[in-house]
Amino acid sequence: MAYINLLPWREEAEKAKQREYFTVLTAVALGTFALVFLVNQFYQMRIDGQNTRNQFLQNEIKVLDLRIAKIKSLNEKKKELKKRTNVIEQLQRSRNVGTQVLNEIAQVVPNGIYLTRLEKQGNSLSIVGKSESNNHLANMIREIERSDLFEGAILESITSNDATSKLLSDFKMQVRIKGLMNLNELGAP
């Protein structure tokens with residue numbers, strides 16, 4: 001006799017294919033999920049590493065900003081100290097100026113010139129006196145220009161007064177003292 005299978009084998013085969021399909025589908029979904037999760041973790045680690053480096057750099061920038069501010073403050077203090085040092089050096093140089101001026105005046109004033117008044121204001125010296133001749137004044141100006149202490153002699157006036165004396169004429173002269181600055185020019189506090 002012939003063997004006839006009356007069991008629903010097609011339905012069983014279809015159910016088996018369906019189970020296999022869902023199994024493969026589940027495996028693919030789990031694999032895809034695992035792959036996406038791993039890629040996400042990889043990039044998250046890279047982002048975290050970059051954020052750590054950025055934070056380190058920001059901390060170092062803050063430290064350097066503090067150092068720069070300190071350097072600026074020190075530079076300002078240095079400038080102030082240099083100004084004060086310059087003022088002190090200028091005062092030290094000008095300490096004996098009176099004596100030096102009188103000594104130099106004695107050397108540059110020739111015979112025939114008589115000084116009646118010396119007045120010092122800052123680095124300028126005003127000389128008022130009497131002269132026997134203009135040649136004596138010219139010689140005095142030349143000596144002033146050769147002097148190590150004086151410079152820029154400017155003869156402001158020569159006047160002759162017939163009433164007082166025919167031999168003497170009055171003169172007024174301005175002379176600058178070399179290397180001597182006003183404290184205002186130095187920017188003294």
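This is a predicted model: local features need pLDDT of at least 70, side-chain atom pairs count only at pLDDT 80 or more; totals for chains, interfaces and linings use all residues.
Q: Which residues of helix H3 are buried?
A: Helices are DSSP runs of H or I with at least four residues, and strands are runs of E with at least two, numbered from the N terminus. Buried means under 20% relative accessible area, exposed over 50%, and partly exposed in between (1.4 Å probe, protein chains only). In H3, which covers residues 134-146, Leu 137, Met 140 and Ile 144 are buried.

Q: Why do they line one face?
A: An α-helix has 3.6 residues a turn, so residues three or four places apart point the same way. Down the axis of H3, the buried residues fall within an arc of 60° (taken from the directions from the axis to the C-beta atoms), so they line one face. The face turned away carries exposed Asn 135 and Arg 146.

Q: How do E1 and E2 pair?
A: Two strands pair if DSSP finds at least two bridges between them. E1 and E2 are antiparallel over 8 bridges, and their hairpin has 2 residues between the strands, with Gly 122 in the turn at a positive phi of about 65°.

Key: Residues are numbered from 1 along each chain as its sequence is written. Side-chain values use heavy atoms; hydrogens and water are left out. The expected span of a helix is 1.5 Å times one less than its number of residues.
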